[in-house]
Amino acid sequence: MKPYISVVVKPTLFCNISCRHCYHTPEERVPGEMDYATLENLIRKVSEEYESAWFIWHGGEPLTVPLSFYKKAIELEEKYFGKQSFRYGNTIQTNGLNINRRLMSYCRTKAINVGVSYEGPYNNVLREGDVEKTLGYLSDKEDKYSVSCTISSETASKQLELYRYFRDRGTNVSFSPVIPAGCASCNGTVPDADEYIKGSIEAFDEWLHDSESEVPLIPHYLYILNYLGEPTPSDCAHTSCLTKWISVNPDGTIYPCAKACPQEYCMGNINEVGSISEAFQSEGFRRILLSSIKRREKCASCEIYRFCNGGCSMDAYHEGCVEDNGGDSCRIFKEVFTHIADEIQGILDTKPDMNGYNPFVRDAIIGKLVNPKTIVQ
């Protein structure tokens, strides 16, 4: 069996709001849910081929689907992977509007992670609806959730402010830029790369020296671990993700990525392929794989290629062409990662008093100094 796969499941493409940066156009966001036969086919075929899997329930808005659907999904995971086998895990990524006490109770019972797409005081820039009361309720009840904060053209320079907002609430947060896909392809929400880089570095620099912080700042913390040689991948956009991820639409169609993957890369349908391996042998997957290899060949001479693996194929696609590098996503990663790497290498070289540094950084650096590994310069 293969060791591991991440599976993005879109049980519906319908959404209860209209986000300005959504990967899916309004025409795609229609009512309709994945049926139980498709759900079972997916979970069974993944279990037959992989030792472990992580299911990310996405959309559309996954919580417009009733809780009974997720209870059925967990029932099928327990059936095919083994109850309490630790071979599977789950995350629901939601806009937060349909979160309630019953759902969170079930998520606690079944160890389901909840990720909320939320931009704090700037939530109305990209999204509709007031989720602050829901999140305040969850915090009061000590329910655990993390936030995915999407940075737009209007908030690129406000990343430091956003970090402080979530830090003060003790909320784990991950920043990522709007990409020019779907609704965001022509509506001005994609941030300027230089503004994004400047704002990202400002947030990192404060977090680095924030000795009282109780939250990691993602992806910056993962970049640190990546630079230090830990096996933790930096983020999905900067790993060799092909063959390690699939995304499945409500009708069972399979794609290599959830980020507005075009029809030309379709890998078939989970109800029609005999196995996940068969999907990876499809013409659609062959197309994206060969184009990605060509891009990575161009990237191979870059000094940080070993850390970014040539970047995200779908980011490259939406910026112009899967085979091309050097777009905004490439520039953002290179400049932000290089700044972080220089800061961490400076700490390793000078061995300062670590008490003034962020506790996550402190633990990572001390671990490095106590049990050093080779960092190739």
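**Aromatic pairs**

Start with the rings: this predicted model has 20 aromatic pairs. A pair needs ring centres of Phe, Tyr or Trp (its six-membered ring) within 6.5 Å; planes under 30 degrees apart are stacked, over 60 edge-to-face, the rest tilted.

Select Phe 55 and Trp 57. This pair is stacked, at 6.2 Å centre to centre with 25° between the planes. Both Phe 55 and Trp 57 are buried (under 20% relative accessible area; exposed is over 50%, partly exposed in between; 1.4 Å probe, protein chains only).

Trp 57 sits in strand E2 (residues 50-57) and Phe 69 in helix H2, 12 residues apart. Helices (H or I, at least four residues) and strands (E, at least two) are DSSP runs numbered from the N terminus. Trp 57 and Phe 69 are both buried.

Now widen the selection to Tyr 36, Phe 55, Trp 57, Phe 69, Tyr 70, Phe 81 and Tyr 88. Ring pairs join these residues into a cluster.

Residue numbers run from 1 along each chain as its sequence is written. Local features need pLDDT of at least 70 and side-chain atom pairs 80 or more, while totals for chains, interfaces and linings use all residues; side-chain values use heavy atoms, without hydrogens or water.

**Cavities**

Stay on Trp 57 and Tyr 70. Both line the second largest cavity, along with Ala 73, Ile 74, Asn 90, Ile 92 and Ile 112. Helix H2 (67-81) and strand E3 (88-94) each give two or more residues to this lining. H2 has the largest share, three residues. The volume is about 30 Å³.

A cavity is a set of points on a 1 Å grid over the protein atoms alone where a 1.4 Å probe fits but cannot get out; lining residues have an atom within 4 Å of a point. Points join across faces, edges and corners, and volume is the space filled by probe spheres set on them.

Next, select Cys 241, Leu 242, Pro 256, Cys 257, Ile 288, Cys 312, Ser 313 and Met 314. They line the largest cavity, about 40 Å³ in volume.

**Cores**

Which residues touch the most other members of the 104-residue largest nonpolar core? Select Ile 5, Val 46, Phe 55, Trp 57, Phe 175, Ile 246 and Ile 344. Such a core joins buried Ala, Val, Leu, Ile, Met, Phe, Trp, Tyr and Cys through side-chain atoms within 4.5 Å. Helix H13 (residues 328-350) gives the most, nine residues.

Finish at a second, separate core of five residues, including Cys 15, Cys 19, Cys 22 and Cys 183.

How values were computed. 1 Å grid on protein atoms, 1.4 Å probe; cavity = no way out; pocket = protein on both sides within 12 Å on 5 of 7 lines; lining within 4 Å.
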